[in-house]
Amino acid sequence: ARSRVRPKGRGRRIAHVAAVGAASARARVATCCMGAKNCAGNRTPDAPQNRPGVGRAPNGGTAASSKRVRDHAPTSVRDVSGLNDIPAISPDTVIEYITDVEGNWEYVINFVSRSRILYWTGEPRGVWGPGDLAIRPEGILVFGGDAPDKGPGDIRFVKTITKLKIQHPSQVFIILGNRDLMKMRFLAELAEGNENLDSPWLPTWEKEPKTFSAFLEKQKLVKNRISKLKWMLECNMGCQDHTFSTRKDELAHLNGTATDQDVLHSYTDSVDPKGRDPWMLEFLRAGLIALVLKDTLFVHGGLQDESAGHVPGQDIAYTNVRQWVHELNAWKRQELANFESKPQWRVGPDGKLTRGGAGLIEYGTPGAGKKTVIYCNPFDNGNPVKRTEKVRRFLDSSGIKCMISGHQPHGQMPTIVRHMESGLLVITADTSRSDAKGSKVFNPLNNRGLAISVLRIQGELVEVEGVTNDGRSHGCTLNRLDMSKDAMPDALVGRQLVNHAWVKTVVKEKDEQKVMVALGRGFNVSVEAMSIQRACMNLKSEYRTGDNFLVKVREIEASQLLEAWKTVEDCPEEDLDASMSRGIPRSRSLRFGEQALAQFDQAETYIFAFNGVFMKPDTELGERIVRNVNRIIARKKRVVFITNDSTMSRDKFFRRIIDDYQINALQQQHSESSLEEAAMAGTRSSNGGASGGSPQNFVQAAQRLSVVTTAYMCAWYCKQHGRIKKPFVIAHGTGLLEELRLAGITDYFATVDEEGKPKKEFSEPVSAVNIQNIVQQAPDVDAIIVGWDHRLSALTIAVAENFVRWNEELWTETGGKEGCRLPIITCSSDLGGIVGRTTKDYAVERFQDRKVRTIGNGMMVAAICRRAGLERIPIDVGKPSQMFLEQLRRDPQYGGLGVNFGGAVVVGDNLQTDVKMANQSGMRSLLVLSGVTSREMVDQEDRPDYTPTWVLDSLADLFPP
């Protein structure tokens, strides 16, 4: 069973992390590895002493202790029978996965402290850990590859996991990564005299690789083996400029002192087949390229069409996953044997230098192209994507239900990608870029911070649990075989949102559970904590199946629709290494040229934010804009017009479009089924919910499929809510009232009469008597609706405030028997807008030809909410709110427009509303500079949510003359 019992003294062992950090600060202080009084003292056999990894004696011991070390040395990997035999896996078996340690020893200590299968036994071993690493009988550990390179823990981790593998060969499995295989290069390239070679091995995938000579010149170094090692680590092995120094630090931790020569020997001797302690070679001997445990495939990088079933040197394409894995690992063993027999440079048949194992070395690099499972980028522009149909079929035909890999970092916890068609789970678990701002005091290459995640499998379940870099616990449990058994909110994990972000895990904030979603864009990962309701509403349609993900409007609170917090985690080029080699751009181009126009023309739906985009129709500019829109319609494209102007009903807005602007909106070719559904939905709305009605009024149906106003959105929300019968409506004109009546809400109390004229009582001065007189006209108001009121007065704000406060006070006093928490609904959150421009002959000369600005709906509702107090958050139904997006996407039979966001472009003038709405929903955007946004504002904006796809001065310039 899942025993959580730990060995005694666990607290002491967890505290060892701090001790290791303290030891790191004393890199040059003489430290005996095992706590002995001197380096020749008695130690646990596997604790290297004098220059670990340098090859002075077995396991690094001194001459005086070499016999004692040999007497107790563990068996070599080569002497273990059944080294990688697959064990029987029972329902009690617990498989845990750790990957991309990259020399971060503190991370290993933290991982063990959270593990259910690993623990420390025996006495503390100083910088080697709180004891000897052990594994429980029911456990299986899989290491996913990339053991060294970015921390002073290479030697300790490699030796520790290799020793555990030798002790428990059928419980510990090692997958080889690109960083591991690259170490085979050292023996030939750093051999005595080879520093004078013009390196015969340069990264073929780099357009301009830095040569050894160029490196020496830049670093002002002399040509020798040590300089060449530094060049290799920094310029063509995917390491960093600190890797040499972190290895030197580790040697100093283990021995007390270390020289550059010691660092050189630690690399070359570690892979020398004739060496006395080839600890890295032992790791490579134990490792596999791929592993199948029951129905789960493990590889380091991933699987593509070209690599699925491919074995280097063989023409056959294997269709059985297990047979393919067997052959791939057999090829690896042969390549490694070739390396061990001929590790040095020699002249090949083609007259070029070669060496044993050259094919295996290349298989771990981009030089292998798409035929490698090691150096494989499973992302698109930094964001995970589903596997191709060919890969899915390849895995499904052999009963593989789960594929787990590392290699490519994507935030603080593993990323799970569900495949709804087959049930396949693809998990990318590299978290080496959890926190780029993590403390560099003890490890200058530490980019993990405090974040840690453990991935485990038991029975049908896959579990992820851990801690974020700010200390929050997270976790989820998924059924690997039947996703319908997943409980909420865990069932959201592995599903994709309309903006292409993936739900990664579940976090608990105060008393509320939220999901963490992450979106990769080039070399950055945007992470957001999102409410369960908002996540459900944002799911892509293919991931929105099942009743679990249906959200009732009446159950949504305003706070659940807000962003809880958002961070951007940077992921530099050396970690998202394959992206650029695949030609993926770092950021989107904002220039609107011929290529952009071709991409723009591929869309199926164009959503036009009206104000700021369309000019007066009787001007030359206005005519050109209309002509371009009609040209789009003539190409059999769909157009939708939206506005945050709550004074406009849909009917008034639509007639303005077709009559005043002469836009051919009625010539759109909607499907007959969509028109019928829209007509039926309109009938249900107008008669208060009765079914039936004539679907013949296709003009009105076309209207419902072509325009959205916030007046309609407000009425739609109130109807969906179901409990709002008598709202207090702050409005200008008749737009809001018309839409409320169409929704069956007729008993409203408004600041205007039925003709849209302001009621006299709301223009009176603020006084206690006037407030009371107005409230007593409608004491049973059950909601506040805030539209854009051109004549908003202090008295109106005071009336709204007292409606809210008095009901809240009564609710508290009576324990909920009377009063209520009145919902506040705003038609938009726009803080302001442009209502026109001053003329070029304006009387005040210095203010001629300038934009005329005014406050917006958002400022009005903010005034009411702040006066009402109680931290009231309004329900926003305008763009770019979640409610507005829901209306655009919802199927026409349920009153929506049925827009496919993946094929839509938003054309607008506002970064905060139009562009943000597009980015939040996965739509592309064209920003025009004819409204509230200037070129300078675009140039200064660097937030992904506010970055448009394209920028154009005016919609009039869309098509060439």
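S473 is partly exposed, because its relative accessibility is 49%; with a 1.4 Å probe and protein chains only, buried means under 20% relative accessible area, exposed over 50%, and partly exposed in between. The model is predicted, so local features need pLDDT of at least 70 and side-chain atom pairs count only at pLDDT 80 or more, while totals for chains, interfaces and linings use all residues. Residues are numbered from 1 along each chain as its sequence is written, and side-chain values use heavy atoms, with hydrogens and water left out.

S473 belongs to strand β17, residues 473-479; strands (E, at least two residues) and helices (H or I, at least four) are DSSP runs numbered from the N terminus. Leaving aside residues up to four places away in sequence, S473 touches G466, V467, V506, V507 and K508, where contact means heavy atoms within 4.5 Å. Between the C-alpha atoms of S473 and V506, which are 33 residues apart along the chain, the separation is 8.7 Å.

T388 is also partly exposed, at a relative accessible area of 37%. This residue is found in the loop between β11 (383-384) and α15 (389-396). The side chains of T388 and D305 are joined by a polar contact of 2.3 Å, that is, a pair of N or O atoms within 3.5 Å; within protein, one must be able to donate a hydrogen and the other to accept it, and residues adjacent in sequence count only if both atoms are side-chain atoms.

Helix α9 (residues 225-235) is largely enclosed by the rest of the structure, because 9 of its 11 residues are buried. Among the buried residues are I226, L229, W231 and L233. Their cover includes α7 (186-189), α8 (212-219), α10 (243-255) and α11 (260-268).

Aromatic rings come next. Rings of Phe, Tyr and Trp (its six-membered ring) pair if their centres lie within 6.5 Å; planes under 30 degrees apart count as stacked, over 60 as edge-to-face and the rest as tilted. The count comes to 21 aromatic pairs. F610 and F614 are stacked, because their ring centres lie 4.5 Å apart and their planes meet at 10°. F610 and Y661 are edge-to-face, because their centres are 5.0 Å apart and their planes at 85°. F610 lies in the loop between β22 (605-609) and α19 (620-634) and Y661 in the loop between α20 (650-660) and α21 (672-686), so this pair ties together parts that are 51 residues apart in sequence. One aromatic cluster is formed by F608, F610, F614, F641, F653 and Y661.
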